Amino acid sequence: MEITQEGPFLVVGQERFVARFPADPADDLEQIENQDFYVTVTGGPTYYVTLMTLGAIDALIRRWEETGEAAGGRYFYTTDLVITPKPGITAMIEAINGLVQDEEIGHACRTIVGVIKQDSMADLSESESFSQS
């Protein structure tokens, strides 16, 4: 999977969508368990989605039990949440691909307007790129 960098975002271009997310390319992207994305469907709108593992949700709730947040860890919620069974950018991009392919992304995620526009996939070729192994 090729990952490019556009300003503060790392970008993964797929046939049916482009996913942009703020992350440090020096991080181990295959260990990420909680990540926000802007997903622009080819020829369509841009959506906002948070992808998390159950482990990440459990860690938050346990931390909140200690800090007193969210009524002492008695609940967790977030809008536009998609849960993935495995951590990592590969698993998260696969989940986004499934949402787009199954035409469920509009049900699972909020459409955002005027934040990121995708003129063409050719724009990605002008970006700095690197591969995640």
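Begin by selecting Phe37, Val39, Ile89, Ile93, Ile96 and Ile105, which have the most contacts inside the largest nonpolar core, a set of 23 residues. A nonpolar core here is a set of buried Ala, Val, Leu, Ile, Met, Phe, Trp, Tyr and Cys residues joined through side-chain atoms within 4.5 Å, where buried means under 20% relative accessible area, exposed over 50% and partly exposed in between, with a 1.4 Å probe and protein chains only. This is a predicted model, in which local features need pLDDT of at least 70 and side-chain atom pairs count only at pLDDT 80 or more, while totals for chains, interfaces and linings use all residues. Residues are numbered from 1 along each chain as its sequence is written, and side-chain values use heavy atoms, with hydrogens and water left out.

Next, colour the elements that give two or more residues to this core: strand 2 (9-13), strand 3, strand 4 (34-41), strand 5 (46-53) and helix 3 (89-101). Helices (H or I, at least four residues) and strands (E, at least two) are DSSP runs, numbered from the N terminus. Helix 3 supplies the largest share of the core, six residues.

Now centre on Phe37, whose contacts (heavy atoms within 4.5 Å), not counting residues up to four places away in sequence, include Ala19, Arg20 and Phe21, then Tyr47, Tyr48, Val49 and Leu51, and also Ile89, Met92, Ile93 and Ile96. A second, separate core of six residues can be shown by selecting Ala56, Ile57, Leu60 and Trp64, which are among its members.

Select Arg20 and Glu6, whose closest N and O atoms are 3.5 Å apart in a salt bridge; the pair links distant parts of the chain, with Arg20 in strand 3 (residues 17-22) and Glu6 in strand 1 (residues 2-6), 14 residues apart. Arg20 counts as buried at 6% relative accessibility, whereas Glu6, at 23%, counts as partly exposed.

Move to Arg62 and Asp58, a salt bridge with its closest N and O atoms 2.9 Å apart; because the two are four residues apart in helix 1 (residues 54-67), about one helical turn separates them.

Finish at Asp80 and Arg110, where the closest N and O atoms of the salt bridge are 3.7 Å apart. Asp80 lies in the loop between helix 2 (69-73) and strand 6 (81-84) and Arg110 in strand 7 (residues 110-112), so the pair ties together parts that are 30 residues apart in sequence. Asp80 is buried at 11% relative accessibility, and Arg110 is partly exposed at 44%.

How values were computed:
Salt bridge = Lys/Arg side-chain N within 4 Å of Asp/Glu carboxyl O.
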